[in-house]
Amino acid sequence: MSKKHIPRKRFGQHFLHDPSVIQQIISAINPQPNDIMAEIGPGLGAITQHILPKVNRLDVIELDRDVIPELIANCDHSEKLFVHQQDALRYDFSELTEKPASLRIIGNLPYNISTPLIFHLLDQANIIKDMYFMLQKEVVARMAALPGEDAYGRLSVMVQYYCEVDYLFTVKPGAFTPPPKVDSAIIALRPHQQLPHAASDETLFADVVRTAFNHRRKTLRNCLKEYVNEAMWLQLNIDPVLRPEELGVKDYVDITNAIRLNLK
Ligand code: SAH
């Protein structure tokens, strides 16, 4: 841990210091020399310095310019390290690769940007091979939740549409400096090479899912009345008195595709 840099709340800085947690993360990722890998928010390099010896090149995206000199020093000025001083929310990951399913992304993410960042990355899911993130445990639970579970919602449907989701392990606040107020967890997201259920219009799909979960306690009939009429519910063979939280990804895709057909 640095004696110089004072962690900044504004940048969501909680630096990992527990060596056993760091080792667990590295073995889960299992970096290979030729991997095309990017780390979001490397901070002072707690994870970075353990990845570098295993790969030929590592690109990191870090917003806080003040941590970068120490990051570089902690990585022994490695020539394999490429630092992009940028906001990951705006970073165009296709700068790193154009090859489908090639990019590996890792990050102990600032919790305040985790959801928008995941959506930003899902937009570019076709180039991504896998992603390993440390997130607030509740957010990980939401991404991995199945229909009917309390944590199930818009984030679960959207993430599971694009990715296979694996909840790996929980990390206690004591592993960080300063300790966050909540438990954290590591999640693995692997974008489907071929979507198991493809929506004919992904913008419409995202709109339908957002609209449905705006009122998760109402019936589907009520939530989606601007999109779906009674005849369509019958055709879809979905009971419109169900709640949005009871439908799976495939149901939302079916609804979207039916709406799309109806619009034509
Ligand atoms: N990976 C390090 C640091 C985690 S703290 C570790 O595990 O110790 C989160 C890091 O993300 C900080 O370094 C913070 O400056 C950086 N960060 C915050 N917002 C960011 C953004 N929008 N884009 C890129 N990096 C960001």
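The model is predicted. The chain holds ten helices and nine strands. Its radius of gyration is 20 Å, close to the 18 Å that the globule rule gives for 264 residues, so the chain is as compact as a globular protein of that length.

**Overall dimensions and packing**

- The C-alpha atoms fill a box of roughly 65 × 40 × 30 Å, with the box taken along the principal axes.
- Of the 264 residues in the chain, 50% are buried.
- Take the contacts between residues at least 6 apart in sequence: 66% of these join residues at least 24 apart.

**Surface and charge**

**Cysteines**

- How many disulfides does the chain have? The count comes to zero, with a disulfide taken as a pair of cysteine sulfur atoms within 2.5 Å.
- C75 has 5% relative accessibility, so C75 counts as buried, the cut-off being under 20%.
- C163 has 2% relative accessibility and therefore also falls in the buried class.

**Helix α6 and its cover**

- Helix α6 spans residues 154–162 and is mostly covered. Eight of its nine residues are buried.
- The buried residues of α6 are L155, S156, V157, M158, V159, Q160, Y161 and Y162.
- Which elements cover them? Helices in the cover include α4 (114–122), α5 (137–144), α7 (202–213) and α10 (249–263). Strands β7 (163–171) and β9 (184–191) are also among the covering elements.

**Helix α3 and A73**

- A73 sits in helix α3, which runs over residues 68–74.
- Is A73 buried, partly exposed or exposed? Its relative accessibility is 35%, so A73 counts as partly exposed; that class lies between the 20% and 50% cut-offs.
- A73 and L103 are separated by 30 residues in sequence. In space, their C-alpha atoms are 26 Å apart.

**Cis peptide bond**

- The peptide bond that joins T177 and P178 is cis. Its omega is about -15°.
- P178 is in the loop between β8 (176–177) and β9. Strand β9 is also among the elements that cover the buried residues of α6.

- D76 has a phi near 55°, a positive value in a residue other than glycine.
- Where does D76 lie? D76 is in the loop between α3 and β4 (81–84).
- The relative accessible area of D76 is 67%, over the 50% cut-off, so D76 is exposed.
- N237 has a phi near 60°, again a positive value in a residue other than glycine.
- N237 lies in the loop between α9 (230–236) and α10. Helix α10 is also listed in the cover of α6.
- The relative accessible area of N237 is 70%, which means that N237 is exposed.

Key: Residues are numbered from 1 along each chain as its sequence is written. This is a predicted model: local features need pLDDT of at least 70, side-chain atom pairs count only at pLDDT 80 or more; totals for chains, interfaces and linings use all residues. Side-chain values use heavy atoms; hydrogens and water are left out. Helices (H or I, at least four residues) and strands (E, at least two) are DSSP runs, numbered from the N terminus. The radius of gyration is taken over C-alpha atoms; the globule rule is 2.2 Å times the number of residues to the power 0.38. Buried means under 20% relative accessible area, exposed over 50%, partly exposed in between (1.4 Å probe, protein chains only). Contact means heavy atoms within 4.5 Å.
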